[in-house]
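Hi,

Here is the structure I promised to pass on.

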Amino acid sequence: MPHRRFKKSQPISSIATLPHLGLNIKDIESDLKRYYAHRLGRDENCNSIHYVYEALSMAISDRLTERWKKTYNAYKEQDCRRAHYLSMEFLMGRTLSNAMLNLGVNDAVTQATYDLGLDLEELIEVEPDAGLGNGGLGRLAACFIDSCATLQLPVIGYGLRYEYGMFCQTIVNGEQVEEPDHWLRNGNVWEIERLEYKQRIKFGGRTENRTDENGKTHISWVDTHDVLAVPYDTPIPGYKNGTVNTLRLWKATATEEFDLQEFNAGDYPESVAAQNTAENITMVLYPNDANENGKALRLRQQYLLASASLQDVFELWVGRHGNDFSEFAAKNCFQLNDTHPSIAVAEMMRLLMDIYGLGWDEAWVITCNTMAYTNHTLLPEALERWSVNLFRQLLPRLMEIIFEINAHFLAEVSAHWPGDKDRIARMSLIEEGRDQHVRMAYLAIVGSYSVNGVAELHSKLLEQGLFHDFYELWPEKFNNKTNGVTPRRWLASCNPELAELITETIGDGWLTNLFLLKKLELHVDDKLFCERWHSVQQGAKQKLIDFKKQELGVDLNVNALFDVQVKRIHEYKRQLLNVLHVIHLYDRIKRGDTANWTDRCVLIGGKAAPGYHMAKKIIKLINNVGNVINHDPDVGEKLKLVFLPNYRVSAMEKICPGADLSEQISTAGKEASGTGNMKFMMNGALTIGTLDGANIEIREEVGDDNFFLFGLTEDQVEKLRDHYDPVSMINQDEDLQRVMNLLECGHFNQFEPGIFDGVISSLKSPHDPWVTIADFRSFVDAQKRVEAAYQDKDRWTKMSIINCANSGKFSTDRTISEYNNELWKLTPVRVDQ
């Protein structure tokens, strides 16, 4: 049944106005008890702590909703320019602790729960991580919308409400096993379903042309198989400023959920077939696209996100301005977070022309002045490419529009470079071949007014390599916006003891101006401050030990160097290089080469894509090597290697405060930016890394003496490729020979012969694109410098303080300010608290 609207005569204000909700201990305690007893219907006979978590979350959510409505009304009254952030991922993590921090009620909630005999930390642990992302892309999006709210910018995030997240990773016999991540199993107390804003999304069908009496051609997309996109809104609070922005996530549902005639005829599966088909679209984050069905599902996901979001924005515009789009570009902009949402370029053209009646030229001007594109990868294979045949089948009208965009664009290229057929072929949105493909990154570039990378090196390499032709045509479009992380979650919330020490020392202004951490450098020679800093770090390491001890059955030495590499498992991130170094240390211990030894715990975590065979073998290798080392009595506490299963946001919140050394060891020129490096740095970890991604800028900020640099540069990697000979390098390095011999003789897989042959072959191949062997010696030497520094506790502590003190650049508040000042041009909107 459709939602009925109030009649004008009905007194809406009389039921929409309520007394202001208090933020003190008594009010929060009262609401928690009321929700637990009345809304959830629980009493002293209930043994599940989940309902206490829900009751507390409802009490906090109510206070967010008050400010949420005020924010919405403030934006509406000012008719302000807005930005719309489209992303396939929002890796939010848990909401409760972040909401309490940004509302400023941490102390009140802590005391209220204590008074009720509850353990707040236990309540926070009940909440599942929101399964809306995989890695850095989604976590960046989550940090961005946090900073937008903190800077009081009118920005809405648009994404998909996946029923299941990436997957839960378990380790069985050393191998990754994927289990469903049903993060919505118990519902989501933080979201509000907004059926009144649902959108109809078209798939399949065909197009029809008709000419009106004025000779104008009208195109209709007909005979389609439609689904509905239903929005679920989540509040995104700024830090203690009254602003609460919106994350709107779309769930796919059927236009008709239930076919009664089919059911009555006894065909029960067919009666809900339409519902199941529709809901599959938002069922799983990143379906396996190794087959055609997987590819089709992924394209459906991307189109549903783009179409529903654009229709939502246009409906709001038309509701206030009618069909006059003359000021639309002045009031709106869209940021495409990577290539996944780039179909929004063609969808905006379709909506403006087919639904709102604009001509091609007018629609194209609006599109090109509202779309902005962020690229997150230097790997050509990671750029979206879709078969033209698949595109025609699923989105025939969009395919026509893309062909038309390409025709106009290639005419411009031809005018700029007459007769240059090779360049035209390289730049075409349609890749020719046996099967034509649509180059979605090129569509995003052509249809956007801005194209940015996410670190200085990454942006330079886009201009010089991947998108060089486009840079030559439109150099003014290209710019850099170095990534960041939010210091509220990644320091204040996840490391409260360190945050308290910092605030006590320099005040709390750093929470919204991270550059103020620079004041910590004034205290590096203060012995008492350094001792307290070291004590806090040791406490964080002990918490990490306690967090993982029961799960992993390995007891770690808190005084050892905690050497951490947690990130998506991929060959270019070179977890393999880390393992080679661990094997080298193991070999030294077995040979008795332990003079001046530094005890070390190597912690590696991350998920491998289900279809990525080599990445899964690397996980198996890590676990096998760890199993041998951790059970060898000759090794003892000198060395541990532990794989941390099911790496996720809430795990990182415990890992990064406890790290001494941050491993950022990707092949130079392959990592776009990285954000884990920033989180570790912000918490005082030192970095060992190549000149890749944001490592370069981290090193510039902290200075050469506070960064452990190793490895080939991007230029050196490229020059090496034509004559790369890893076998020769192995033969010239005795340490590396011993490491490879341990691998090749099966020392780590004595009862599983041959399982690592593919890994070994990849390391020894002259075609290894990650040139792992080439960086081994430099990496080992850098690790020796790490050991020397760690043995000097006072020196290491000062280096840790300097790293934290110089992390100001890597706040997303700075990143978002640059997006806004240079691209979005939004005016901050104050909201009364």
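Below is what I found, starting with how to read it.

This is a predicted model, so local features need pLDDT of at least 70 and side-chain atom pairs count only at pLDDT 80 or more, while totals for chains, interfaces and linings use all residues. Residues are numbered from 1 along each chain as its sequence is written, and side-chain values use heavy atoms, with hydrogens and water left out.

Cysteines first. The structure holds 0 disulfides (a disulfide is a pair of cysteine sulfur atoms within 2.5 Å). Take Cys601: the closest cysteine sulfur, in Cys656, is 18 Å from its own, which is too far for a bond. Cys601 counts as buried, at 1% relative accessibility (buried means under 20% relative accessible area, exposed over 50%, partly exposed in between, with a 1.4 Å probe and protein chains only).

Now the inside. A nonpolar core here is a set of buried Ala, Val, Leu, Ile, Met, Phe, Trp, Tyr and Cys residues joined through side-chain atoms within 4.5 Å. The largest one has 115 residues, and Phe391, Leu395, Phe409 and Trp824 have the most contacts inside it. Helix H11 (residues 292-321) gives the most to this core, with 11 residues. Another core lies apart from it, with 62 residues, including Phe748 and Leu712. Back to Phe409: leaving aside neighbours within four places in sequence, Phe409 is in contact with Met427, Leu429, Val446, Phe470, Leu473 and Trp474 (contact means heavy atoms within 4.5 Å).

Helices and strands are DSSP runs, numbered from the N terminus: H or I of at least four residues for helices, E of at least two for strands. Helix H13 (residues 344-355) is mostly covered, with 10 of its 12 residues buried. Among the buried ones are Glu347 and Arg350. After H13 comes Gly357, with a positive phi near 80°.

On to the strands, where two of them pair if DSSP finds at least two bridges between them. Strands E3 (residues 168-172) and E4 (residues 175-179) run antiparallel and are joined by 5 bridges, with Cys168 opposite Glu179. They form a hairpin with 2 residues between them, and Asn173 in the turn has a positive phi of about 55°.

There is also an open sheet of 3 strands, in the order E13-E15-E14, with antiparallel pairing. Strands E13 (385-387) and E14 (430-431) are the edges, each pairing on one side only. E14 is joined to E15 (residues 437-439) by 2 bridges, and Ile430 has Val438 as its bridge partner in E15.

Cheers
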